[in-house]
Amino acid sequence: MTLRTARRSSLVDQVIAQLRDEIVGGSWPVGAKIPPEPVLAESLGVGRNTVREAVRALTHAGLLESRQGDGTYVRATSELSGAVRRRLERAELIEILEVRRGLEVEAARLAATRRTEADIAAIAVALARRDAALAAGAHETFVEADLAFHTAVVEATHNRVLTDLYRDFSAALRASIGTAGALLEHTDVPHGPIAAAVERGDADAATRATHACLDQILATALSGHRPGREAVHEP
């Protein structure tokens, strides 16, 4: 943690800015517990009331979440992502999957035209981990590995806005992947064609492969869930 001692003017605003920098910079990733109030106050050289007010402001903005008797956790990386996350928590599974399809199909198309050798390697590693988790029947590991694969494809677009938006979407995606995975049971949705098309630089094939993958997931979800039946909640 690289917090700096705050100046005496506009202390709350300075503390808010520094805490936000820690969150955005990844020092405190989404889901992480931030240091307790006394530690922050000492690190920043300010009073506990100043820290408390700053944390309260970031909580109101949706970046932090206070859990009674447990501490304060990072909930989102920006005010926008906080708003998106709150909205997605009230969304239906089918709605999440439809938006997911739109994001990932475009990401695959862009990735095929912009990927680097490092991107190709990252996608291949993510695919191998996903397939290994599936073969082992490790459901929780599979959910994370599946999301890591799609995130690697999105990162290969080198579109920072799309990448940030996809990361903000991750909590709801974990729920949709988990639910769809339970519905699919032992039926795998092939992801190899997506990786292969991106590696070849074939944008049309990458688009088709991603459409086929997500259409199968959506169709499976539709067969097991009626609209309005189940909302996606944060895992």
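Tutor: Let's start with Thr 163, which counts as buried because its relative accessible area is 9%, under the 20% cut-off. Keep in mind as we go that this is a predicted model. You'll find Thr 163 in helix α8, which covers residues 160-168. Leaving aside residues up to four places away in sequence, Thr 163 touches Val 154, Glu 155 and Thr 157.

From there, step over to Val 153. Again skipping residues up to four places away in sequence, Val 153 touches Ala 107, Ala 108, Ala 111, Ile 123 and Ile 194. Val 153 also belongs to the largest nonpolar core, which has 27 residues. Within that core, the residues that touch the most other members are Leu 97, Ile 123, Phe 149, Val 153, Ile 194, Ala 206 and Ile 217. Helix α11 gives the largest share, nine residues. A separate core of 20 residues lies apart from this one, with Leu 11, Trp 28, Val 55 and Ala 61 among its members. We'll get back to that tryptophan.

Next, look at His 191, in the loop between α9 and α10. Is His 191 buried or exposed? With a relative accessible area of 2%, His 191 is buried. Its side chain makes a polar contact with the side chain of His 150, at 3.0 Å. Not counting residues up to four places away in sequence, the contacts of His 191 are Leu 127, Arg 130, Asp 146, Phe 149, His 150 and Cys 213.

Side chains of opposite charge can pair when their charged atoms come close. The structure holds 12 salt bridges. Take Arg 109 and Glu 106, whose closest N and O atoms are 2.6 Å apart. Both are in helix α5 (residues 93-114), and because they are three residues apart there, about one helical turn separates them. Arg 109 is partly exposed at 35% relative accessibility, and Glu 106 is partly exposed at 32%.

Now compare that with Arg 52 and Glu 37, whose side chains form a salt bridge at 2.6 Å, N to O. Arg 52 is in helix α3 (residues 48-61) and Glu 37 in helix α2, so this pair ties together parts that are 15 residues apart in sequence. Arg 52 counts as partly exposed, at 32% relative accessibility.

On to the strands. β1 (residues 64-67) and β2 (residues 71-74) run antiparallel and are joined by four bridges. Arg 67 stands opposite Gly 71 of β2. The side chain of Arg 67 also meets that of Glu 65 in a salt bridge (3.6 Å, N to O). Arg 67, at 33% relative accessibility, counts as partly exposed, and so does Glu 65, at 25%. The β1-β2 hairpin has three residues between its strands, and Gly 69 takes a positive phi near 75° there.

Here's that tryptophan again. Trp 28 is in the loop between α1 (11-24) and α2 (37-44), and its relative accessible area of 7% makes it buried. Its C-alpha is 8.8 Å from that of Tyr 73, although the two are 45 residues apart along the chain.

The protein has a mean pLDDT of 83, with 81% of its residues at 70 or more. Where is confidence lowest, and where is it highest? It is lowest in helix α9 (residues 170-184), with a mean of 62, and highest in helix α10 (residues 192-200), at 97. Residues 225-235 have pLDDT below 50, and this stretch has 28 contacts in the model beyond near neighbours in sequence. Where pLDDT is low, the predicted coordinates should not be read in detail.

Technical notes. Residues numbered from 1 in each chain as written. Predicted model: local features only at pLDDT ≥ 70, side-chain atom pairs only at ≥ 80, totals over all residues. Heavy atoms only, no water. pLDDT = per-residue confidence, 0-100. Helix = DSSP H or I, 4+ residues; strand = E, 2+ residues; numbered from the N terminus. Contact = heavy atoms within 4.5 Å. Buried < 20%, exposed > 50% of the residue type's maximum accessible area, 1.4 Å probe, protein only. Pairing = 2+ DSSP bridges. Salt bridge = Lys/Arg side-chain N within 4 Å of Asp/Glu carboxyl O. Core = buried A, V, L, I, M, F, W, Y, C linked by side-chain atoms within 4.5 Å. Polar contact = N/O pair within 3.5 Å; in protein donor to acceptor, adjacent residues only side chain to side chain.
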